[in-house]
Amino acid sequence: MSHEVTGGAQEPETPNLDFAGTTPYEDYVQAEVLTHLQHPLSDDPGEMVFLVTTQVMELWFTVIVHEWRTAAEALRRDDLPVAMEALRRSTYELEALNAAWKPLAKLTPAQFNAYRSALGEGSGFQSAMYRRLEFLLGEKSASMLVPHRGAPREHAELEKALQEPSLWDEVLRLLARRGYAVPEAVLRRDPSLRYEPDPAVEAAWAEVYTGPQDSELVRLGEALTDVAELVWRWRNDHLVATRRAMGAKMGTGGSAGVAWLEKRARKNVFPELWTARSHV
Ligand code: HEM
C-alpha cells in the first residue's frame with residue numbers, strides 16, 4: 001500500500017480501476033442484467049418510468065417476502081428477537097416501497113393512455129411475488145395460482161406458499177404457546193384457506209394489550225400493526241393513482257378497475273389487531 005505525502009497532507013487513495021474480468025461490483029450486483037431488463041412496448045417517453053417503477057416494486061415485494069418468511073420461521077422456534085428485527089426491517093422497506101408511488105401518483109388519463117393499450121391484458125394483478133406477499137398476510141386463495149400455470153417455477157413457489165402457515169398463523173400459534181386462549185379450530189385450520197377473523201383471537205389480543213405496555217407481545221403486536229398500516233397505505237396509494245390515471249374504466253387485467261381495488265383496499269390486514277382495540 002503506497003501513500004504519497006504531499007505538503008505534509010495525506011492524499012486519499014483513488015479507487016482501483018484495473019480488473020482482469022468484470023468488476024467485483026458487477027459480479028455481486030449484476031447491474032448490467034438489471035439495467036438491461038427495460039423493454040418498453042410503446043414509443044411514449046413516459047412509459048419507461050411506469051415500467052421501472054413496476055420493476056422496483058417487484059424487487060421490494062421480493063425483499064419483504066424474504067423478511068416475513070424470516071419472521072414466520074423465527075416465530076415458529078420462539079425466537080422473538082430475530083422475528084422482531086425482520087419485521088422492523090420490513091416496515092422500513094414498506095416505507096420505501098410506498099415512496100416509489102411518487103413518479104406515478106399524478107398521471108393524467110391522457111398520459112396513461114399514451115402507453116396503456118401497449119400493456120394489452122398485462123396487470124399487476126398477475127404479479128406472483130405480490131401474491132406471495134398477500135398469502136403471507138393470510139389472504140390465501142387457490143384460484144390466484146391459475147394465472148401462473150404457464151410459469152412452473154412461480155407456480156411451484158406459490159403452491160408451496162399457499163400450503164404453508166402464514167405469518168399470522170405463526171403469530172397465533174405463538175400466542176397459544178404463551179397461554180392465550182386461541183381456539184383449536186384456529187390453530188388447526190387449513191392454512192391454504194383465507195384467514196377469517198375470530199372473536200377469541202380478538203379477545204386474546206385485547207388481553208395482551210390490557211397488560212404491561214412494554215411486554216414482548218405488545219411490542220410484537222405493534223410491529224405487526226405497523227406492517228398492516230403500511231400495506232393498507234400501499235393499497236390506498238395504488239387505488240388513488242389508479243383513480244387519477246383511469247377513472248372508472250375497466251382494468252387491463254379484466255376487473256372492474258377502481259371498484260374492485262376499493263373492495264380490496266377495505267380489508268384490514270391482521271384484522272383482530274385492529275378490532276381488539278375497541279375492547280382495551
Ligand atoms: C397508475 C398506474 C396503475 C394503474 C392505473 C393500475 C391499475 C390497476 C387495476 C385497474 C388493477 C385491478 C386489476 C385489473 O383489472 O387490472 C390493478 C391491480 C394490481 N396492480 Fe396496478 N395499476 C397501476 C400501477 C401499478 C404498479 C406500479 C404496480 C406495482 C407492481 C401495480 C400492482 C398491482 C397489483 C399487485 C394488483 C393486484 C392487487 C390485488 O390483487 O389486490 N400496479 N392495478
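The model is predicted. The mean pLDDT of the protein chain is 96, and 97% of its residues reach 70 or more. Residues 1-5 have pLDDT under 50, and the model has three contacts beyond four places in sequence for this stretch.

The protein chain contains 13 helices and two strands. Along the principal axes, its C-alpha atoms fill a box of roughly 70 × 60 × 35 Å. Of the 280 residues in the chain, 24% are buried. When contacts between residues at least 6 apart in sequence are considered, 69% of them join residues at least 24 apart.

The largest nonpolar core has 45 residues. Within this core, Ala71, Leu167 and Val171 have the most contacts. The elements that give two or more residues to the core are H3, helix H4 (80-99), H6, H7, H8, helix H10 (199-210) and H11. H3 gives the most, with 10 residues. Val171 is in contact with Leu75 and Leu224, leaving aside its neighbours within four places in sequence. Another core, of five residues, lies apart from the largest one, and its members include Phe50, Leu104, Phe112 and Ala245.

Helix H6 covers residues 128-136. Seven of its nine residues are buried, so this helix is largely enclosed by the rest of the structure. The buried residues of H6 are Ala128, Arg131, Arg132, Leu133, Glu134, Phe135 and Leu136. They pack against H3, helix H7 (152-163) and helix H8 (167-177). Just after H6, Gly138 takes a positive phi of about 105°.

Helix H5 spans residues 109-116 and includes Ala114. Ala114 has 18 other C-beta atoms within 10 Å and is partly exposed. Because a residue counts as buried at 20 or more such neighbours and as exposed at 12 or fewer, Ala114 with 18 belongs to the partly exposed class. Leaving aside neighbours within four places in sequence, Ala114 is in contact with Ser42, Asp44 and Gly46. Ala114 and Ser42 are 72 residues apart along the chain, and their C-alpha atoms are separated by 8.0 Å.

An unreviewed UniProt entry places the feature "binding site" at Arg116 and Thr252. These positions span 137 residues in sequence, yet no two of their C-alpha atoms are more than 8.2 Å apart, so they gather at one spot. Arg116 lies in helix H5, while Thr252 is in the loop between helix H11 (216-246) and helix H12 (258-265). Arg116 is partly exposed, with 19 other C-beta atoms within 10 Å. Thr252 also counts as partly exposed, with 18 C-beta neighbours inside 10 Å. Not counting residues up to four places away in sequence, Thr252 touches Leu119, Gly120, Glu121, Gly122 and Ser123.

The feature "binding site" is also placed by UniProt, in an unreviewed entry, at His238. His238 is in helix H11. With 19 C-beta neighbours inside 10 Å, His238 counts as partly exposed.

The ligand is surrounded by 25 residues. The closest of these are Ser123, Gly124, Gly251, Gly253 and Ser255. Ser123 is also one of the residues that Thr252 touches. Helix H3 (47-76), H11 and H12 each supply at least two residues of the shell around the ligand. H11 gives the most to this shell, with five residues. By residue type, the shell divides into 10 nonpolar, 13 polar and two charged residues.

Definitions and conventions: Residues are numbered from 1 along each chain as its sequence is written. This is a predicted model: local features need pLDDT of at least 70, side-chain atom pairs count only at pLDDT 80 or more; totals for chains, interfaces and linings use all residues. Helices (H or I, at least four residues) and strands (E, at least two) are DSSP runs, numbered from the N terminus. Two residues are in contact if their C-beta atoms, placed from the backbone, lie within 7 Å. UniProt positions are given in the numbering used here, feature names are shortened, and annotations may be inferred rather than shown by experiment. A residue is near a molecule or strand if its C-beta atom, placed from the backbone, lies within 6 Å of it. Ala, Val, Leu, Ile, Met, Phe, Trp, Tyr, Cys and Pro count as nonpolar, Asp, Glu, Lys and Arg as charged, and the others, Gly among them, as polar. pLDDT is the predictor's confidence in each residue, from 0 to 100. A nonpolar core is a set of buried Ala, Val, Leu, Ile, Met, Phe, Trp, Tyr and Cys residues joined through C-beta atoms within 7 Å.
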